[in-house]
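Student: I am new to this structure. Can you walk me through how to read its features?
Tutor: Gladly. Let us look at it together.

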Amino acid sequence: MGILDIVPAGVLTGENVVKLFNYAKEHKFAIPVCKRLYWMVTAANFTQCCFRLGCCELIFPQWLDEITSNAVPQNVTSSSTANACLEAARDIKSPIILQVSQGGSAYFAGKGLANDKQQASIAGAKAAALHIRTIAPMYGVPVVLHSDHCAEKLLPWFDGMLEADEVYFKEHGEPLFSSHMLDLSEEPKEQNIATCVKYFKRMAPMGIWLEMEIGITGGEEDGVDNTGVDNARLYTQPEDIWDVHRALSAIGPNFSIAAAFGNVHGVYKPGNVKLQPGLLAKHQEYASQQLGGKVEKPLFLVFHGGSGSTKEEIRTAVVSGVVKMNVDTDTQWAYLIGIRDFVTKNSGYLQSQVGNPEGPDKPNKKYYDPRVWVREGEKTLYARVKEACEDLGNVGHL
(Lines give C-alpha, C1' and ligand atoms only; values in the text may rest on other atoms or scores of the structure.)
Protein backbone atom coordinates (compact mmCIF):
# COMPACT_ATOMS: atom_id res chain seq x y z
CA MET A 1 0.00 0.00 0.00
CA GLY A 2 1.38 3.39 -1.02
CA ILE A 3 0.72 6.84 0.41
CA LEU A 4 -1.74 7.73 -2.34
CA ASP A 5 -3.87 4.80 -1.19
CA ILE A 6 -4.46 6.59 2.13
CA VAL A 7 -4.20 10.32 1.30
CA PRO A 8 -4.90 12.37 -1.84
CA ALA A 9 -2.49 14.35 -3.98
CA GLY A 10 -2.27 18.07 -3.26
CA VAL A 11 -2.13 19.94 0.03
CA LEU A 12 -3.01 17.78 3.04
CA THR A 13 -4.77 18.96 6.18
CA GLY A 14 -6.21 17.48 9.36
CA GLU A 15 -6.39 13.69 9.54
CA ASN A 16 -4.55 13.32 6.25
CA VAL A 17 -1.45 14.96 7.75
CA VAL A 18 -1.69 12.53 10.68
CA LYS A 19 -1.96 9.60 8.27
CA LEU A 20 1.12 10.76 6.35
CA PHE A 21 3.27 11.19 9.47
CA ASN A 22 2.08 7.88 10.91
CA TYR A 23 3.00 6.22 7.63
CA ALA A 24 6.44 7.86 7.76
CA LYS A 25 7.05 6.75 11.33
CA GLU A 26 5.80 3.22 10.65
CA HIS A 27 8.02 2.89 7.58
CA LYS A 28 10.94 4.69 9.27
CA PHE A 29 11.40 7.61 6.93
CA ALA A 30 11.44 11.38 7.29
CA ILE A 31 10.63 14.17 4.84
CA PRO A 32 13.41 16.71 4.23
CA VAL A 33 12.78 20.47 4.10
CA CYS A 34 14.81 22.86 1.95
CA LYS A 35 14.88 26.38 3.30
CA ARG A 36 15.21 30.01 2.40
CA LEU A 37 15.53 29.90 -1.35
CA TYR A 38 14.89 33.59 -1.80
CA TRP A 39 17.69 35.14 -3.76
CA MET A 40 18.47 35.44 -7.46
CA VAL A 41 21.97 35.66 -8.89
CA THR A 42 23.23 37.93 -11.64
CA ALA A 43 26.52 38.04 -13.48
CA ALA A 44 27.58 40.87 -11.21
CA ASN A 45 27.04 39.18 -7.85
CA PHE A 46 27.20 35.41 -8.31
CA THR A 47 30.88 35.16 -7.28
CA GLN A 48 30.23 37.06 -4.05
CA CYS A 49 27.33 34.72 -3.27
CA CYS A 50 29.59 31.70 -3.74
CA PHE A 51 31.81 32.83 -0.88
CA ARG A 52 28.83 33.38 1.46
CA LEU A 53 27.18 29.98 1.05
CA GLY A 54 28.32 26.51 2.03
CA CYS A 55 27.33 23.01 1.03
CA CYS A 56 27.02 19.82 3.07
CA GLU A 57 26.15 16.39 1.74
CA LEU A 58 23.73 14.21 3.71
CA ILE A 59 24.35 10.87 2.00
CA PHE A 60 23.75 7.51 3.61
CA PRO A 61 22.53 5.10 0.91
CA GLN A 62 23.76 2.07 2.86
CA TRP A 63 20.99 2.74 5.38
CA LEU A 64 18.09 2.67 3.00
CA ASP A 65 17.12 -0.86 4.00
CA GLU A 66 16.79 0.36 7.60
CA ILE A 67 15.46 3.86 7.00
CA THR A 68 12.73 3.24 4.50
CA SER A 69 11.84 6.91 4.07
CA ASN A 70 11.85 10.28 5.81
CA ALA A 71 10.03 13.55 5.20
CA VAL A 72 11.94 16.27 3.38
CA PRO A 73 10.53 19.76 3.94
CA GLN A 74 11.51 22.36 1.35
CA ASN A 75 11.50 26.04 2.27
CA VAL A 76 10.20 28.01 -0.69
CA THR A 77 10.30 31.73 -1.31
CA SER A 78 9.24 31.91 -4.93
CA SER A 79 7.07 30.06 -7.40
CA SER A 80 10.30 28.92 -9.06
CA THR A 81 11.61 27.08 -5.99
CA ALA A 82 8.19 25.64 -5.14
CA ASN A 83 7.75 24.27 -8.66
CA ALA A 84 11.22 22.71 -8.74
CA CYS A 85 10.56 20.91 -5.44
CA LEU A 86 7.19 19.62 -6.64
CA GLU A 87 8.75 18.45 -9.90
CA ALA A 88 11.38 16.47 -7.98
CA ALA A 89 8.79 14.92 -5.66
CA ARG A 90 6.66 13.88 -8.62
CA ASP A 91 9.53 12.19 -10.43
CA ILE A 92 10.68 10.15 -7.41
CA LYS A 93 7.12 9.44 -6.29
CA SER A 94 7.44 10.96 -2.82
CA PRO A 95 5.45 13.23 -0.52
CA ILE A 96 6.96 16.64 0.11
CA ILE A 97 6.80 19.35 2.77
CA LEU A 98 6.87 22.89 1.42
CA GLN A 99 7.33 25.55 4.04
CA VAL A 100 7.70 29.31 4.25
CA SER A 101 9.80 31.25 6.73
CA GLN A 102 9.00 34.74 7.97
CA GLY A 103 11.77 36.27 5.86
CA GLY A 104 11.03 34.04 2.89
CA SER A 105 7.36 35.03 3.05
CA ALA A 106 8.28 38.70 2.92
CA TYR A 107 10.48 37.99 -0.08
CA PHE A 108 7.63 36.14 -1.80
CA ALA A 109 5.50 39.28 -1.42
CA GLY A 110 8.31 41.54 -2.63
CA LYS A 111 11.30 43.19 -0.98
CA GLY A 112 9.89 46.61 -1.86
CA LEU A 113 7.05 46.24 0.67
CA ALA A 114 7.15 47.54 4.23
CA ASN A 115 7.11 44.83 6.87
CA ASP A 116 7.08 46.79 10.12
CA LYS A 117 3.91 45.01 11.25
CA GLN A 118 4.66 41.73 9.44
CA GLN A 119 2.21 42.74 6.72
CA ALA A 120 4.52 41.64 3.89
CA SER A 121 5.30 38.33 5.60
CA ILE A 122 1.59 37.64 6.09
CA ALA A 123 0.70 38.54 2.51
CA GLY A 124 3.65 36.56 1.13
CA ALA A 125 2.79 33.47 3.17
CA LYS A 126 -0.79 33.60 1.89
CA ALA A 127 0.37 34.11 -1.69
CA ALA A 128 2.78 31.17 -1.48
CA ALA A 129 0.09 28.94 0.03
CA LEU A 130 -2.43 29.80 -2.67
CA HIS A 131 0.13 29.20 -5.42
CA ILE A 132 1.05 25.79 -3.99
CA ARG A 133 -2.59 24.84 -3.48
CA THR A 134 -3.31 25.71 -7.11
CA ILE A 135 -0.53 23.70 -8.74
CA ALA A 136 0.27 20.86 -6.30
CA PRO A 137 -2.57 18.58 -7.49
CA MET A 138 -1.19 18.80 -11.03
CA TYR A 139 2.08 17.23 -9.85
CA GLY A 140 0.17 14.34 -8.27
CA VAL A 141 2.00 14.28 -4.92
CA PRO A 142 0.82 14.81 -1.33
CA VAL A 143 2.07 18.11 0.10
CA VAL A 144 2.28 19.33 3.68
CA LEU A 145 2.10 23.13 3.58
CA HIS A 146 3.96 24.45 6.61
CA SER A 147 5.29 27.67 8.13
CA ASP A 148 8.71 27.60 9.77
CA HIS A 149 10.20 29.08 12.96
CA CYS A 150 8.11 31.78 14.63
CA ALA A 151 9.76 33.41 17.64
CA GLU A 152 7.79 35.50 20.12
CA LYS A 153 8.69 38.75 18.36
CA LEU A 154 7.21 37.35 15.14
CA LEU A 155 3.84 36.31 16.60
CA PRO A 156 1.97 38.97 14.56
CA TRP A 157 3.03 36.98 11.47
CA PHE A 158 1.66 33.81 13.06
CA ASP A 159 -1.58 35.58 13.96
CA GLY A 160 -2.00 36.77 10.40
CA MET A 161 -1.56 33.28 9.00
CA LEU A 162 -4.05 31.85 11.50
CA GLU A 163 -6.58 34.47 10.48
CA ALA A 164 -6.07 33.43 6.87
CA ASP A 165 -6.57 29.79 7.92
CA GLU A 166 -9.85 30.67 9.62
CA VAL A 167 -11.14 32.56 6.59
CA TYR A 168 -10.18 29.71 4.28
CA PHE A 169 -11.72 27.17 6.66
CA LYS A 170 -15.07 28.97 6.61
CA GLU A 171 -15.10 28.88 2.82
CA HIS A 172 -13.59 25.46 2.12
CA GLY A 173 -13.95 23.37 5.27
CA GLU A 174 -10.18 23.11 5.76
CA PRO A 175 -7.41 25.59 6.69
CA LEU A 176 -5.14 27.30 4.18
CA PHE A 177 -2.02 25.72 5.72
CA SER A 178 -1.45 22.15 6.87
CA SER A 179 0.71 23.13 9.83
CA HIS A 180 2.56 25.92 11.59
CA MET A 181 5.63 26.08 13.81
CA LEU A 182 5.98 28.04 17.04
CA ASP A 183 9.57 28.47 18.17
CA LEU A 184 9.44 29.94 21.66
CA SER A 185 12.54 28.06 22.76
CA GLU A 186 14.20 31.29 23.89
CA GLU A 187 11.43 31.82 26.44
CA PRO A 188 11.10 30.04 29.82
CA LYS A 189 9.68 26.54 29.46
CA GLU A 190 6.43 27.38 31.23
CA GLN A 191 5.80 30.36 28.95
CA ASN A 192 6.74 28.35 25.88
CA ILE A 193 4.27 25.57 26.69
CA ALA A 194 1.50 27.94 27.78
CA THR A 195 1.72 29.93 24.55
CA CYS A 196 1.70 26.74 22.47
CA VAL A 197 -1.35 25.54 24.37
CA LYS A 198 -3.15 28.83 23.72
CA TYR A 199 -2.52 28.68 19.99
CA PHE A 200 -3.10 24.92 19.69
CA LYS A 201 -6.58 25.36 21.15
CA ARG A 202 -7.29 27.74 18.28
CA MET A 203 -5.66 25.48 15.67
CA ALA A 204 -7.03 22.09 16.70
CA PRO A 205 -10.67 22.69 15.66
CA MET A 206 -9.43 23.34 12.11
CA GLY A 207 -7.17 20.28 12.15
CA ILE A 208 -3.95 22.33 11.85
CA TRP A 209 -0.80 20.50 12.92
CA LEU A 210 1.44 22.33 15.43
CA GLU A 211 5.22 21.96 15.47
CA MET A 212 6.88 23.43 18.55
CA GLU A 213 10.49 23.72 19.66
CA ILE A 214 11.83 23.22 23.16
CA GLY A 215 15.53 23.56 23.78
CA ILE A 216 17.46 26.01 21.66
CA THR A 217 18.86 25.39 18.19
CA GLY A 218 22.15 27.25 17.96
CA GLY A 219 23.30 29.58 15.21
CA GLU A 220 21.24 32.33 13.57
CA GLU A 221 18.00 32.14 11.58
CA ASP A 222 15.51 34.79 10.49
CA GLY A 223 16.98 37.39 12.85
CA VAL A 224 17.01 35.10 15.91
CA ASP A 225 20.66 34.86 16.96
CA ASN A 226 21.58 32.02 19.32
CA THR A 227 25.28 31.91 18.49
CA GLY A 228 26.31 32.82 22.05
CA VAL A 229 23.77 30.73 23.95
CA ASP A 230 24.76 28.63 26.96
CA ASN A 231 25.75 25.21 25.60
CA ALA A 232 23.56 23.40 28.15
CA ARG A 233 20.45 24.92 26.58
CA LEU A 234 21.20 23.08 23.31
CA TYR A 235 20.12 19.77 24.88
CA THR A 236 16.48 19.10 25.78
CA GLN A 237 15.75 16.75 28.67
CA PRO A 238 13.16 13.92 28.51
CA GLU A 239 11.13 15.50 31.32
CA ASP A 240 10.76 18.67 29.24
CA ILE A 241 9.51 16.68 26.26
CA TRP A 242 6.99 14.89 28.44
CA ASP A 243 5.72 18.19 29.85
CA VAL A 244 5.08 19.36 26.28
CA HIS A 245 3.43 16.10 25.24
CA ARG A 246 1.18 16.02 28.29
CA ALA A 247 0.01 19.61 27.79
CA LEU A 248 -0.62 19.40 24.04
CA SER A 249 -2.08 15.88 23.92
CA ALA A 250 -4.81 17.08 26.27
CA ILE A 251 -5.98 19.24 23.35
CA GLY A 252 -5.32 16.96 20.38
CA PRO A 253 -2.84 14.54 18.79
CA ASN A 254 -1.73 16.69 15.86
CA PHE A 255 1.62 18.04 17.03
CA SER A 256 5.34 17.40 16.72
CA ILE A 257 8.31 18.44 18.85
CA ALA A 258 11.63 19.85 17.69
CA ALA A 259 13.84 18.75 20.57
CA ALA A 260 17.34 20.15 20.81
CA PHE A 261 20.22 17.70 20.89
CA GLY A 262 23.07 20.08 20.07
CA ASN A 263 21.62 21.27 16.75
CA VAL A 264 22.97 24.40 15.09
CA HIS A 265 21.56 26.23 12.05
CA GLY A 266 24.01 26.60 9.19
CA VAL A 267 26.79 24.49 7.72
CA TYR A 268 29.62 23.10 9.83
CA LYS A 269 32.23 20.43 9.25
CA PRO A 270 31.47 17.08 10.92
CA GLY A 271 32.77 17.14 14.46
CA ASN A 272 32.44 20.90 14.94
CA VAL A 273 28.91 20.54 16.31
CA LYS A 274 28.38 18.14 19.21
CA LEU A 275 25.13 16.45 18.29
CA GLN A 276 23.71 13.84 20.63
CA PRO A 277 20.87 12.26 18.62
CA GLY A 278 20.81 9.38 21.09
CA LEU A 279 18.82 11.72 23.33
CA LEU A 280 15.87 11.35 20.96
CA ALA A 281 15.57 7.65 21.70
CA LYS A 282 15.61 8.48 25.41
CA HIS A 283 12.78 10.96 24.86
CA GLN A 284 10.75 8.22 23.18
CA GLU A 285 11.53 5.72 25.96
CA TYR A 286 10.61 8.17 28.71
CA ALA A 287 7.33 9.19 27.04
CA SER A 288 6.49 5.55 26.37
CA GLN A 289 7.05 4.69 30.03
CA GLN A 290 4.83 7.55 31.14
CA LEU A 291 2.10 6.20 28.84
CA GLY A 292 2.38 2.70 30.25
CA GLY A 293 4.50 1.28 27.46
CA LYS A 294 1.55 0.89 25.09
CA VAL A 295 3.33 2.69 22.22
CA GLU A 296 7.04 2.24 21.57
CA LYS A 297 7.58 5.63 19.91
CA PRO A 298 4.70 7.93 20.84
CA LEU A 299 6.45 11.16 19.81
CA PHE A 300 6.63 12.83 16.39
CA LEU A 301 10.08 14.42 16.38
CA VAL A 302 11.66 17.02 14.10
CA PHE A 303 15.36 17.53 13.27
CA HIS A 304 16.42 21.18 12.88
CA GLY A 305 19.93 22.38 12.06
CA GLY A 306 21.02 19.18 10.36
CA SER A 307 23.59 20.61 7.95
CA GLY A 308 27.08 19.33 8.73
CA SER A 309 25.81 16.29 10.63
CA THR A 310 27.59 12.97 10.27
CA LYS A 311 25.89 10.02 8.60
CA GLU A 312 25.66 8.14 11.87
CA GLU A 313 24.09 11.13 13.66
CA ILE A 314 21.41 11.42 11.00
CA ARG A 315 20.72 7.69 11.01
CA THR A 316 20.33 7.67 14.79
CA ALA A 317 17.90 10.59 14.64
CA VAL A 318 15.74 8.98 11.97
CA VAL A 319 15.44 5.58 13.65
CA SER A 320 14.55 7.42 16.86
CA GLY A 321 11.32 8.71 15.37
CA VAL A 322 12.25 11.86 13.42
CA VAL A 323 9.65 12.31 10.64
CA LYS A 324 10.81 15.70 9.32
CA MET A 325 14.32 17.00 8.71
CA ASN A 326 15.13 20.50 7.56
CA VAL A 327 17.58 21.00 4.70
CA ASP A 328 18.62 24.62 4.26
CA THR A 329 22.01 25.73 3.02
CA ASP A 330 22.43 22.68 0.82
CA THR A 331 19.47 23.69 -1.31
CA GLN A 332 20.45 27.34 -1.36
CA TRP A 333 23.77 26.24 -2.82
CA ALA A 334 22.09 23.88 -5.25
CA TYR A 335 19.87 26.64 -6.66
CA LEU A 336 22.88 28.91 -7.07
CA ILE A 337 25.19 26.53 -8.90
CA GLY A 338 22.87 26.06 -11.86
CA ILE A 339 22.65 29.82 -12.37
CA ARG A 340 26.33 30.33 -11.57
CA ASP A 341 27.44 27.76 -14.12
CA PHE A 342 25.12 29.18 -16.78
CA VAL A 343 26.48 32.70 -16.23
CA THR A 344 30.07 31.47 -16.27
CA LYS A 345 29.62 29.40 -19.42
CA ASN A 346 27.72 32.13 -21.28
CA SER A 347 29.45 35.23 -19.97
CA GLY A 348 30.19 36.52 -23.45
CA TYR A 349 26.45 36.54 -24.24
CA LEU A 350 25.46 38.39 -21.07
CA GLN A 351 27.38 41.66 -21.42
CA SER A 352 24.81 43.48 -23.56
CA GLN A 353 21.51 42.93 -25.31
CA VAL A 354 23.18 42.84 -28.70
CA GLY A 355 26.67 41.66 -29.52
CA ASN A 356 28.41 38.46 -28.49
CA PRO A 357 31.31 36.21 -29.54
CA GLU A 358 29.38 35.24 -32.67
CA GLY A 359 29.22 38.82 -33.93
CA PRO A 360 28.51 42.47 -32.93
CA ASP A 361 24.95 42.35 -34.29
CA LYS A 362 23.91 39.05 -32.72
CA PRO A 363 21.04 39.32 -30.17
CA ASN A 364 21.36 37.78 -26.70
CA LYS A 365 17.73 37.53 -25.64
CA LYS A 366 17.73 33.74 -25.51
CA TYR A 367 20.50 33.95 -22.88
CA TYR A 368 19.30 36.78 -20.62
CA ASP A 369 15.62 35.84 -20.64
CA PRO A 370 14.99 35.00 -16.94
CA ARG A 371 13.05 31.90 -17.96
CA VAL A 372 16.33 30.50 -19.29
CA TRP A 373 18.76 31.12 -16.44
CA VAL A 374 16.23 30.69 -13.63
CA ARG A 375 15.37 27.30 -15.09
CA GLU A 376 19.03 26.31 -14.75
CA GLY A 377 18.77 26.97 -11.01
CA GLU A 378 15.58 24.94 -10.87
CA LYS A 379 17.34 22.00 -12.51
CA THR A 380 20.13 21.85 -9.94
CA LEU A 381 17.68 22.42 -7.07
CA TYR A 382 15.54 19.61 -8.52
CA ALA A 383 18.54 17.29 -8.43
CA ARG A 384 19.42 18.22 -4.85
CA VAL A 385 15.86 17.70 -3.61
CA LYS A 386 15.86 14.25 -5.21
CA GLU A 387 19.17 13.50 -3.51
CA ALA A 388 17.88 14.62 -0.11
CA CYS A 389 14.80 12.43 -0.49
CA GLU A 390 16.94 9.49 -1.55
CA ASP A 391 19.26 10.02 1.43
CA LEU A 392 16.30 9.87 3.81
CA GLY A 393 14.61 6.99 2.02
CA ASN A 394 11.71 9.12 0.86
CA VAL A 395 11.44 7.56 -2.58
CA GLY A 396 8.81 5.44 -4.28
CA HIS A 397 6.14 5.64 -1.59
CA LEU A 398 3.23 6.83 -3.69
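Tutor: Start with Asp341. Its relative accessible area is 40%, so Asp341 is partly exposed. Keep in mind that this is a predicted model.

Student: Which side chain does Asp341 meet in a salt bridge?
Tutor: That of Arg340, at 2.9 Å from N to O.

Student: How many salt bridges are there by this rule?
Tutor: The count comes to 14. One of them joins Arg375 and Glu87, with the closest N and O atoms 3.1 Å apart. Arg375 lies in helix 13 (residues 370-391) and Glu87 in helix 3 (residues 79-92), so this pair ties together parts 288 residues apart in sequence.

Student: Are Arg375 and Glu87 buried or partly exposed?
Tutor: Buried means under 20% relative accessible area. Glu87 has 15%, so Glu87 is buried. Arg375 has 28%, so Arg375 counts as partly exposed.

Student: Which residues are linked in a network of salt bridges?
Tutor: Lys189, Asp240, Asp243 and Arg246. Within this network, look at Lys189 and Asp240. Their side chains meet at 3.1 Å, N to O. Lys189 lies in helix 7 (residues 189-203) and Asp240 in helix 8, so the pair ties together parts 51 residues apart in sequence. Lys189 is partly exposed, at 26% relative accessible area.

Student: Now the rings. How many aromatic pairs does the structure hold?
Tutor: It holds 8. Take Tyr349 and Tyr367: their ring centres are 4.3 Å apart and their planes meet at 25°. Planes under 30 degrees apart count as stacked, so this pair is stacked.

Student: Where do Tyr349 and Tyr367 lie?
Tutor: Tyr349 is in the loop between helix 11 (329-345) and strand 13 (354-356), while Tyr367 is in helix 12 (residues 365-368). The pair therefore ties together parts 18 residues apart in sequence. Tyr349 counts as buried at 14% relative accessibility. Tyr367 is buried too, at 14%.

Student: Which residues do ring pairs link into a cluster?
Tutor: Phe21, Trp209 and Phe300. Phe300 has a charge over its ring as well: the charged end of Lys25 sits 3.9 Å from the ring centre.

Student: Last one. Where is Thr236 found?
Tutor: In the loop between strand 9 (224-225) and helix 8 (238-249). Thr236 is buried, with a relative accessible area of 2%. Its side chain reaches the backbone oxygen of Ile214 at 2.6 Å.

Student: What does Thr236 touch, not counting residues up to four places away in sequence?
Tutor: Its contacts include Ile214, Gly215, Ile241, Leu279 and His283.

Notes: Residues are numbered from 1 along each chain as its sequence is written. This is a predicted model: local features need pLDDT of at least 70, side-chain atom pairs count only at pLDDT 80 or more; totals for chains, interfaces and linings use all residues. Side-chain values use heavy atoms; hydrogens and water are left out. Helices (H or I, at least four residues) and strands (E, at least two) are DSSP runs, numbered from the N terminus. Buried means under 20% relative accessible area, exposed over 50%, partly exposed in between (1.4 Å probe, protein chains only). A polar contact is a pair of N or O atoms within 3.5 Å; within protein, one must be able to donate a hydrogen and the other to accept it, and residues adjacent in sequence count only if both atoms are side-chain atoms. Contact means heavy atoms within 4.5 Å. Rings of Phe, Tyr and Trp (its six-membered ring) pair if their centres lie within 6.5 Å; planes under 30 degrees apart count as stacked, over 60 as edge-to-face and the rest as tilted. A charge sits over a ring if NZ of Lys or CZ of Arg is within 6 Å of the ring centre and within 35 degrees of the ring normal. A salt bridge is a side-chain nitrogen of Lys or Arg within 4 Å of a carboxyl oxygen of Asp or Glu.
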